Amino acid sequence: MTETSAARAARLAHLRGEKLRKGDPVALPLTLSSMFHLPGDPAGYAQYGRFSNPTWEAVEEMLGHLEGAPALGFPSGMAAIAAVFFGTLKAGDRVLLPSDGYYTTRVLADRFLTSYGISYDIRPTASFLDGGFEGYRLVFLETPANPSLDICDIAEVCRQAHAAGAMVVADNTTMTPFGQRPLDLGADIVVAADTKAPNGHSDILFGHVASRDKGVMQAISDWRKLAGGIPGPFEAWLLHRGLETLHVRFERMCDTAEMIAAKFAQHKLVARVRYPGLPDDPSHNLARAQMERFGFLMGLTLGSAETAERFIDGCALIQPATSFGGVHTSAERRARWGDSVDPGFIRLSIGCEPADELWTALDEALTQASG
Ligand SMILES: *Cc1c(COP(=O)(O)O)cnc(C)c1O
């Protein structure tokens, strides 16, 4: 029996307290140091700022607690994904990526993995099981995918990929460990951009890798130490603070998103809503089975690119911005980046504003944008 999210959230606030000695500061100190006092035999002591830092270690302990697996911090979500690729793959390996997931992951594979003799294929998340996993070393899934919000069956992908000899990596950025638990569903590695909801305040980039496989974690830790892609202590300190409120923010954002998606689904000015929590969404049954919440992201299709831009710009409670997961609601029209979506498709990230006020502002802006 795995621990519940509530139990995990409750203990999260006390992880540091459990180890304090009398007189220690209750709040996490920010340790900025490249050097450590190190006379004589260095074994067993902090040695150098590229190898370890007490502030990252504190945030890694929180991330590890949330994931139920050892975690390593990185300076961004992409640094975490790159560390998995470069720390675990070798020439001749084949990788499977989602065609509708985070675009930069595919660009990284295309621009760099191929030049090291590692090939890759892409496949839509909604039909990720079609075609099987024979011949792949690494199967990388993202569910719900950003921005399509399509879903794949994590446990079934893991079962079939493992039978074919592949390792499964899940990008869990859109859900956080409070919304979905890929390692418990069989994934070998979880990666995530803590830049998004885990930090929640839109002021840093951060990422992590978590796995219960000791060999994988050793390779990724060696990669980080040798390549130097280490997180900054100040960013780690801010993420530590952000994580303390992740549970309350995430619950609020998901509750509000459920309410608002249902209202958009009834709205005559919205052509289509994608939200896994809507009973008629193509992802709904699978989402119920494998996700603990339905998330705070939704896809809205409005009549045209112009209407979508007017809605985003004209709503007082929408921050027009790329990225998501902040305390403030934010949105953008994804076609502006060349995603293969309808020109009027908006990715909306629900924030922590009071739900009724947020709905009133969204509804008014929608009417004005369409008028
Ligand atoms: C944002 C994001 C990333 C990359 O994170 P950065 O911190 O911007 O490097 C990776 N995967 C997904 C699904 C994302 O949304």
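In this predicted model, the ligand sits in the largest pocket. A pocket is an open set of points on a 1 Å grid over the protein atoms alone, with protein on both sides within 12 Å along at least five of seven lines. A molecule sits in a pocket if more than half of its atoms lie within 2 Å of its grid points. Local features need pLDDT of at least 70 and side-chain atom pairs pLDDT 80 or more, whereas totals for chains, interfaces and linings use all residues. Residues are numbered from 1 along each chain, and side-chain values use heavy atoms, without hydrogens and water.

The ligand is surrounded by 14 residues, each with a heavy atom within 4 Å. Gly-77, Met-78, Asp-171, Thr-195 and Lys-196 are the closest. The shell comprises 6 nonpolar, 5 polar and 3 charged residues, with Gly counted as polar. Helix α3 (residues 77–88) gives the most to this shell, with 3 residues. Helices are DSSP runs (H or I) of at least four residues.

Polar contacts are pairs of N or O atoms within 3.5 Å. A backbone N or O atom of Gly-77 lies 2.8 Å from a ligand oxygen atom. For Met-78, a backbone N or O atom is also 2.8 Å from an oxygen atom of the ligand. The side chain of Asp-171 places an N or O atom 2.7 Å from a ligand nitrogen atom. Taken alone, the ligand exposes 380 Å², of which the protein buries 94% (Shrake-Rupley method, 1.4 Å probe).

The structure holds 9 aromatic pairs (ring centres within 6.5 Å). Phe-86 and Trp-223 form a stacked pair, 5.5 Å centre to centre with 20 degrees between the planes; stacked denotes planes under 30 degrees apart. This pair links helix α3 to helix α6 (residues 214–227), across 137 residues of the chain.

Key: A polar contact is a pair of N or O atoms within 3.5 Å; within protein, one must be able to donate a hydrogen and the other to accept it, and residues adjacent in sequence count only if both atoms are side-chain atoms. On a 1 Å grid over the protein atoms alone, a cavity is a set of points where a 1.4 Å probe fits but cannot get out, and a pocket is an open set with protein on both sides within 12 Å along at least five of seven lines; lining residues have an atom within 4 Å of a point. Helices (H or I, at least four residues) and strands (E, at least two) are DSSP runs, numbered from the N terminus. Rings of Phe, Tyr and Trp (its six-membered ring) pair if their centres lie within 6.5 Å; planes under 30 degrees apart count as stacked, over 60 as edge-to-face and the rest as tilted.
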